[in-house]
Amino acid sequence: MNDHYPALLIISPLLFSYLTSAAAWIRKGLCYPLAVVGSGLSAWFSVWLFANVLQKGTIEYRLGGWEAPWGIGYRVDTLNGLVLTVVSVLAFINLVSTRRSVAAEFPEKEGAFYTLYLLFIVGLVGMTVTGDLFNLYVLLEVASLTSYALIALGGGRAPLASLNYLFMGTIGGCFYLLGVGYLYIMTGSLNMADVASLLPAIHTSSAVWVAFTFCMVGVGLKMAFFPLHVWLPNAYTYAPSAVSSLIAPLMTKVMVYVMIRLMISVFSLDFIFGYLKVADPMVWLSVLAIIMGALLALAQKNLKRMFCYIIVSEIGYMVGGAWLGNAAGMTGAILHILNDALMTITLFLAAGNIYYKINGLEFHQLRGLFHRMPLTMACFVTAALSIIGVPPTCGFFSKWYLITGALQAGQYGFLAALLFSSLVNVILFFRVIEISYYGDMQHAHGHGSPSEPRTEAPATMLTPLLIVSTGLVIIGMYTGTIVTTLIDPIIPAALAR
Amino acid sequence: MTDLIPVIVAKYNYWLYIVLMMIGLYAMIAKNNLIKKLVGMNIFQTSIILFYVSMGCKTGGATIPIIQHGLGVGHHAIDPAHYVNPLPHVLMLTAIVVSVSTFGVAVALAIKIYQRHKTLEEDEILAQSRER
């Protein structure tokens with residue numbers, strides 16, 4: 001049984017999604033417990049796998065017992081063990097947390113929502129665990145298709161935003177598929193490890209170069225890397241709050257993982273940094289992503305929309321870090337996948353709680369929130385401090401590694417962009433904090449009314465938020481241990497220390 | 001120009017898929033109607049399916065990979081050159097499923113947009129949401 005955990009990781013949410021969809025016909029009340037069981041099982045399997053990988057080393061799994069280059073192989077090492085745990089545990093926390101807001105926002109579609117939710121987990125977890133290039137494409141499309149449908153559950157312009165995301169996402173997926181096609185023509189294999197062993201002999205071929213470009217453009221589109229980010233803000237803003245707190249932290253992070261996986265395990269660092277001379281342009285593109293993301297965030301008047309542009313800028317951090325070409329940068333990028341997923345989910349869960357209570361996220365509606373929802377706002381401030389990069393929180397440490405990497409690589413533009421975006425984040429968050437803390441005073445002064453009563457979000461929504469925001473500080477304090485035990489073994493020896 | 005023609009003729013299948021892909025991409029970028037964009041998207045996906053299918057092809061009398069005699073009892077050893085590569089075709093069965101489901105989701109979204117905005121022209125929808 002234990003041998004089959006890599007497959008069960010994917011099969012359990014998949015089976016439970018069918019059960020949920022069937023249960024929706026019988027009794028609506030069954031859907032939520034089934035979704036919790038499906039998602040919980042997947043979270044348990046991934047934590048178990050991660051613990052086992054840490055003890056015994058990489059786990060290889062052959063689907064149907066077929067040997068690796070012919071059959072589909074699943075492979076769990078420390079890197080995807082980490083991402084797996086983050087993805088499935090955060091998806092579980094979000095599922096528990098957003099039950100009330102789902103019931104409030106679209107009560108008649110609960111069955112469909114929980115089915116899609118589980119399928120989305122299948123896609124993300126599958127993309128992380130797979131060791132096969134084509135399997136990755138299929139699971140990528142599973143995750144994307146469900147996210148289009150989930151986003152379209154929102155009101156107003158959500159369907160249009162979702163359709164635009166679908167157009168862009170399909171182009172991204174197809175480009176990735178084309179890249180895989182070129183790799184297949186050149187090597188005759190789809191297994192990542194097998195392709196990696198066949199590629200060094202033909203590094204100079206222009207077809208490999210084209211394959212690499214197509215894969216990177218495709219993955220870049222899906223993760224909203226700066227010039228390709230236009231679909232993201234609308235899609236994530238108009239999505240219902242339960243959906244945006246699921247998709248925003250996880251989808252883009254998993255795509256960054258896929259990029260790092262392709263760089264390290266398929267194309268090899270010799271090819272990327274030795275043969276292709278594209279590291280500099282990529283770092284400069286991420287500089288542009290960081291700066292433009294920060295500037296566009298400044299222009300927003302809606303809390304969720306502001307978070308969306310912060311994501312665009314955070315993607316710049318991770319891509320830039322991975323392309324710096326040294327160990328510190330790569331460590332920063334991988335650590336930031338973990339940290340940014342936690343920070344973003346805290347922000348979006350806080351936004352979800354606020355939306356649940358005051359039914360809007362425009363800045364002028366946020367007045368007096370500190371008095372009405374003190375705990376939610378305390379978590380919001382923790383996440384804000386982490387995004388800015390204040391020491392006890394985890395955001396500081398990944399930024400520290402990225403800055404060290406930038407200095408070692410001599411990329412002073414990247415260093416300046418990191419500092420610039422930290423400063424802009426200070427302005428962004430303190431503006432929100434000012435409105436929500438002091439806004440009430442002027443309001444009360446004008447009307448002479450006593451301060452408004454406390455209307456904190458229900459405990460089921462508040463507890464998960466408190467857990468993730470405590471996680472921000474705890475991970476920050478244990479950064480040293482995380483880096484030495486989890487991330488250092490993954491960093492390829494080819495990278496300069 | 002005269003040098004280019006043999007290059008195109010020798011690898012005409014790849015050029016065909018590039019042309020189809022560009023037609024699809026053009027429709028997705030330039031068309032205003034959402035359904036026309038969808039059609040463009042489908043052409044785009046089909047071009048990639050054709051690209052994969054054409055790379056499994058072998059010239060010189062290769063047939064479908066069904067071995068007619070029992071393994072080890074036939075007249076000759078099995079030579080890969082006699083059979084086309086079936087793997088790209090199998091992969092494309094999955095890709096066709098993906099493209100059909102993408103199209104299904106997209107059409108469902110288009111219906112929802114039409115119900116909400118009473119039009120499928122992108123500029124009219126954007127004008128509507130600006131007025132509000």
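In this predicted model, A224(A) lies in the loop that joins α9 (206–223) to α10 (231–238) of chain A. Its phi is near 65 degrees, a positive value in a residue other than glycine. A224(A) has 27 other C-beta atoms within 10 Å, so it counts as buried, the cut-off being 20 or more.

K118(B), found in the loop between α4 and α5 of chain B, is not a glycine either, yet has a positive phi of about 60 degrees. Around K118(B) there are 10 other C-beta atoms within 10 Å, so this residue is exposed; the limit for that class is 12 or fewer.

In total, 25 residues of chain B are in contact with 20 residues of chain A. On the chain B side, α3 (34–55), α4 (87–117) and α5 (122–131) each supply at least two residues. The largest share, 13 residues, comes from α4(B). Sorted by class, this side of chain B has 17 nonpolar, 5 polar and 3 charged residues.

Now to the interior. Nonpolar side chains tend to be buried together in soluble globular proteins. Here the largest nonpolar core has 215 residues, and those that touch the most other members are V87(A), Y117(A), I151(A), L250(A), V254(A), V256(A) and I315(A). Helix α15 (residues 327–358) of chain A gives the largest share of this core, 20 residues.

A helix pair in chain A comes next. Helix α18 (residues 394–409) packs against helix α20 (residues 459–477) at an angle of about 45 degrees, and their axes are 7 Å apart. Because of that angle, α18(A) is oblique to α20(A). C394(A), F396(A) and F397(A) of α18(A) make the contact with L472(A), I475(A) and G476(A) of α20(A). These contact residues divide into 5 nonpolar, 1 polar and no charged.

Strand β1 (residues 59–62) and β2(A) pair in the antiparallel sense over 4 bridges. Within this pairing, R75(A) of β2(A) is the bridge partner of E60(A). Side chains alternate between the two faces of the sheet in a regular strand. In β2 (residues 73–76), G73(A) and R75(A) are on one side and Y74(A) and V76(A) on the other. All four are buried, so both faces of β2(A) are covered.

Conventions:
Residues numbered from 1 in each chain as written. Chains lettered and ligands numbered in written order. Predicted model: local features only at pLDDT ≥ 70, side-chain atom pairs only at ≥ 80, totals over all residues. Pairing = 2+ DSSP bridges. Contact = placed C-beta atoms within 7 Å. Nonpolar A, V, L, I, M, F, W, Y, C, P; charged D, E, K, R; others polar. Axes fitted to C-alpha atoms, helices over the stretch in contact; angles between N-to-C directions. Parallel < 35°, antiparallel > 145°, perpendicular 65-115°, else oblique. Core = buried A, V, L, I, M, F, W, Y, C linked by C-beta atoms within 7 Å.
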